[in-house]
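Subject: Structure handover

Hello,

The structure I mentioned is below, with the sequence. My notes follow it.

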Amino acid sequence: MAMVWPRTHVEDGNISHSVWALRKLLQRPDYPDPIQTVPRRGYLFAADVRPRLREIHAGQELRAREIPRPLPLIGRGHESTILMAKLKSARASSGSVILMEGDAGTGKTRMGEDLMREARRQGFTTLTGRSHCEGGAPPYAAFAEILEDYARATPRAGWLRSVGEAGPELACLMPELRRRFPEPAPPDTVPAGTRRAHLLNAYRSFLTRVCRAKPVLILLENLHCADDSTLWLFRHLTLGIASLRCVVYVTYRGRERASAPYFAETLSQLARIGGVSRIQLRNLSRAAVRDVLSAVNGEFAPPALALLVFQLTAGNPFLIEEILVLLNSEGRLFNSAGGWTSTAGPDWVDLPPAIRARLDGAQTR
Ligand SMILES: Nc1ncnc2c1ncn2[C@@H]1O[C@H](COP(=O)(O)OP(=O)(O)O)[C@@H](O)[C@H]1O
Ligand SMILES: [Mg+2]
């Protein structure tokens with residue numbers, strides 16, 4: 001009663017509305033209407049509605065137990081310790097570049113986002129620049145995005161101070177600066193290489209000024225999709241990173257080296273620059289997968305279920321999240337009391353085609 005008619009007394013004045021609410025709840029396309037209207041008499045239950053009510057009740061409990069998104073971060077203690085140490089060094093004027101390499105879904109962005117949150121808590125300025133894999137982006141797109149991000153987050157006077165005399169050069173990256181600093185001499189009188197060197201100097205002096213105000217964390221996303229101009233600017237800015245109060249956290253898929261020669265060359269050049277370190281982010285271990293499941297439910301997951309999720313996902317966090325959400329939506333993860341179902345077994349591996357297709361799609365993500 002409490003579920004169907006919360007805070008309501010069913011009485012003459014509201015009986016038709018109350019029955020309407022009950023019908024709406026009990027109705028299912030494949031069920032006949034369980035409530036019959038008897039003219040001039042009232043209503044009659046035409047079927048036993050108790051099984052249906054039990055079903056609804058169980059369904060509501062299942063819906064209530066959502067998979068938290070994002071999942072709690074599991075199994076990255078070692079990497080987190082390294083990242084925290086980099087923030088600490090940057091505060092003490094020793095900057096660094098972290099190359100976070102890993103396949104799709106291993107958690108590169110997630111660790112970057114957690115790092116940004118922690119850096120903001122420590123008083124860092126945090127800025128993001130992305131490279132887009134769809135192509136068609138203008139040159140230096142990721143660095144233009146960083147400029148825009150800084151302009152949005154900084155009061156105008158401070159922003160203009162940081163841009164300083166670099167304004168005319170940086171104007172090619174940002175429309176608002178272009179309005180302030182219209183194109184000077186005809187561009188083709190200056191060789192392209194010289195213009196590029198001027199832009200590098202301008203960006204370096206801008207970054208130096210920004211780092212003077214507060215330490216800075218830059219998240220440079222998807223470097224494997226960066227165009228050559230972005231890679232070039234990144235490599236040259238990295239040469240001076242050790243003396244700045246700055247951490248640059250870079251994400252990329254290492255496998256893309258094979259199909260992108262300039263990207264591969266940039267990575268090997270970066271490896272020889274001081275202040276640059278690389279972390280290879282791998283899939284989670286079997287024990288960590290079990291910990292993810294336990295963190296979801298606050299209770300130890302049955303070993304058979306943990307093993308199954310590990311086998312299906314190879315410990316890839318993105319796939320773990322996907323499969324948990326899908327199995328939960330199928331009602332196969334928790335029993336009606338909200339605990340783990342313990343029925344994981346061979347029949348579970350025979351996933352419904354819809355789930356299998358989603359997983360196959362995700363594998364190629
Ligand atoms: N160690 C982890 N523990 C729990 N969830 C994780 C972990 N790493 C990543 N995730 C989750 O997996 C998903 C994919 O991570 P993401 O950072 O987008 O991968 P990538 O950037 O490497 O492609 C995200 O929803 C993220 O919250
Ligand atoms: Mg990512």
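How do the residues of the shell around ligand 1 divide into nonpolar, polar and charged? The model is predicted, and in it eight are nonpolar, seven polar and four charged.

The shell around ligand 1 holds 19 residues, of which the closest are Pro70, Gly107, Thr109, Arg110 and Pro317. Helix H4 (108-121) and helix H14 are the elements that give two or more residues to it. Domain 2 (77-280) and domain 3 (286-363) both give residues to this shell, so ligand 1 lies between them.

Pro70 is found in the loop between helix H2 (50-64) and helix H3 (77-91). A cis peptide bond, with omega about 0°, joins this proline to Arg69. Pro317 is one of the buried residues of H14, among them also Leu319, Ile320, Glu321 and Glu322.

Helix H14 covers residues 317-329. At 1.5 Å a residue its 13 residues should span 18 Å, and the end C-alpha atoms are 18 Å apart, which agrees. Just after H14, Gly331 takes a positive phi of about 70°.

Tyr140, in the loop between strand S4 (125-130) and helix H5 (141-153), has a phi of about 55°. Asn222, in the loop between strand S5 (216-221) and helix H10 (228-238), has a phi near 60°. Tyr140 has 24 other C-beta atoms within 10 Å and is therefore buried. Asn222 has 19 C-beta neighbours inside 10 Å, so it counts as partly exposed.

Regards

Technical notes: Residues are numbered from 1 along each chain as its sequence is written. Chains are lettered from A and ligands numbered from 1 in the order in which they are written. This is a predicted model: local features need pLDDT of at least 70, side-chain atom pairs count only at pLDDT 80 or more; totals for chains, interfaces and linings use all residues. Helices (H or I, at least four residues) and strands (E, at least two) are DSSP runs, numbered from the N terminus. The expected span of a helix is 1.5 Å times one less than its number of residues. A residue is buried if 20 or more other C-beta atoms lie within 10 Å of its own, exposed if 12 or fewer, and partly exposed in between; C-beta atoms are placed from the backbone. A residue is near a molecule or strand if its C-beta atom, placed from the backbone, lies within 6 Å of it. Ala, Val, Leu, Ile, Met, Phe, Trp, Tyr, Cys and Pro count as nonpolar, Asp, Glu, Lys and Arg as charged, and the others, Gly among them, as polar. Domain bounds come from an automatic or database domain assignment.
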